[in-house]
Amino acid sequence: MTSVDWIKDVPVAHRGYHDMNGQIWENTLSAFSRAVEAGFAIECDVQLAGDSVPVIFHDGDLQRLCGISGDLRERTSAELGMLAVGGTKDRIPTLKQMLNLVAGRVPLVIEIKGRTSEEDDGFADTVLEVLEGYQGKIALMSFDYHILRELKAAGSPYPLGLTAEGNKPEEFFDHDEAMQLGLDFISYYWGHLPNSFVTAQRTAGVPIVTWTVRDENAREQTHRHADQMTFEGFDPRTSPSA
């Protein structure tokens, strides 16, 4: 396992330190700049553009964030880079652009958003190629077993984590199977805590980060059952209700 104890140190800004898509939108360079200024770690989502360039974007479809319909993977990174996010000056950034902006000043927790094994062929290797030489703390995570398996097989030098949710035994079975890959941390939905899977992993020394904390109840659950939170919609240096 690769040490990722640093993930416990500071709150993680969900898709950057945005303002709930008011003036500063999620997964934009503006949101990442704001997180750097505040000293928060950054969580972001990576997808593969049509030209196999990793870009920062959450949804598979462009409608919610860019106001146009269509599959993100059907456009090149250059085409995506011309699309305004939320009607702001921000455009869809590439992973490389985000790395150049952050430049090691705060930790990065990067979620790789896969589809199917066939569609994602080469995705893990491509991300690792872009990250090569970056000077700063990075952790990679995914909901997708095939992505985690490929990252592990590729010899990822970065800590790897399982993004997960669920409170049923059959879900825990799947999560345990993923952890058998030798993963280093877990990002878990706070509303499904506590549970036997997470408790056992934490007892074994696996760091647990919750998602997505938006109020005091979620923060309290995190304090009781996990090691750090991924947050949005408030400044974690104050109360969510402040």
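Does Gly166 count as buried or exposed? With a relative accessibility of 1%, Gly166 counts as buried, because buried means under 20% relative accessible area. The model is a predicted one, and it holds 13 salt bridges. The points below are grouped by topic.

**Gly166 and its setting**

- Gly166 is located in the loop that runs between β6 (160-164) and α7.
- Gly166 and Ser30 are 136 residues apart along the chain, and 33 Å separates their C-alpha atoms.

**A network of salt bridges**

- Side chains of opposite charge can pair when their charged atoms come close.
- Salt bridges link Arg15, Glu26, Asp45, Asp59 and Arg64 in a network.
- Glu26 and Arg15 are 11 residues apart, and each is in the loop between β1 (12-14) and α1 (29-38).
- Glu26 is buried because its relative accessible area is 5%, under the 20% cut-off.
- Arg15 also counts as buried, as its relative accessibility is 13%.
- Asp59, another member of the network, is placed in the loop between β3 (54-56) and α2 (63-66).
- The relative accessible area of Asp59 is 14%, so this residue is buried.

- A salt bridge connects Asp227 and Arg202, with 3.1 Å between the closest N and O atoms.
- Because Asp227 is in the loop between α9 (216-225) and β9 (228-231) while Arg202 belongs to helix α8 (residues 196-203), this pair ties together parts that are 25 residues apart in sequence.
- Asp227 is partly exposed, with a relative accessible area of 24%, and Arg202 counts as partly exposed at 30% relative accessibility.
- Arg237 and Asp235 also meet through their side chains in a salt bridge, at 2.8 Å from N to O.
- Arg237 counts as exposed because its relative accessibility is 54%, over the 50% cut-off.

- Asp184 occupies the loop between α7 (169-179) and β7 (185-189).
- Although Asp184 is buried, it has no salt bridge.
- Lys152 is the nearest side chain of opposite charge to Asp184, at 5.0 Å; this pair is not a salt bridge because a salt bridge requires a side-chain nitrogen within 4 Å of a carboxyl oxygen.
- A polar atom of the Asp184 side chain lies 2.6 Å from the backbone nitrogen of Thr2.

**A patch of negative charge**

- On the surface, a patch of negative charge is formed by Glu118, Glu119, Asp121, Asp125, Glu129 and Glu132.
- One of these residues, Glu119, is found in the loop between β4 (108-112) and α5 (123-131).
- Glu119 has 44% relative accessibility and therefore counts as partly exposed.

Methods: Residues numbered from 1 in each chain as written. Predicted model: local features only at pLDDT ≥ 70, side-chain atom pairs only at ≥ 80, totals over all residues. Heavy atoms only, no water. Patch = residues over 30% accessible without salt bridge, like charges linked within 9 Å, V, L, I, M, F, W, Y side chains within 5 Å. Areas by Shrake-Rupley, 256 points an atom, 1.4 Å probe, with all protein chains shown as cover. Lys, Arg positive; Asp, Glu negative; His and termini not counted. Charge placed at Lys NZ, Arg CZ, Asp CG, Glu CD. Helix = DSSP H or I, 4+ residues; strand = E, 2+ residues; numbered from the N terminus. Buried < 20%, exposed > 50% of the residue type's maximum accessible area, 1.4 Å probe, protein only. Polar contact = N/O pair within 3.5 Å; in protein donor to acceptor, adjacent residues only side chain to side chain.
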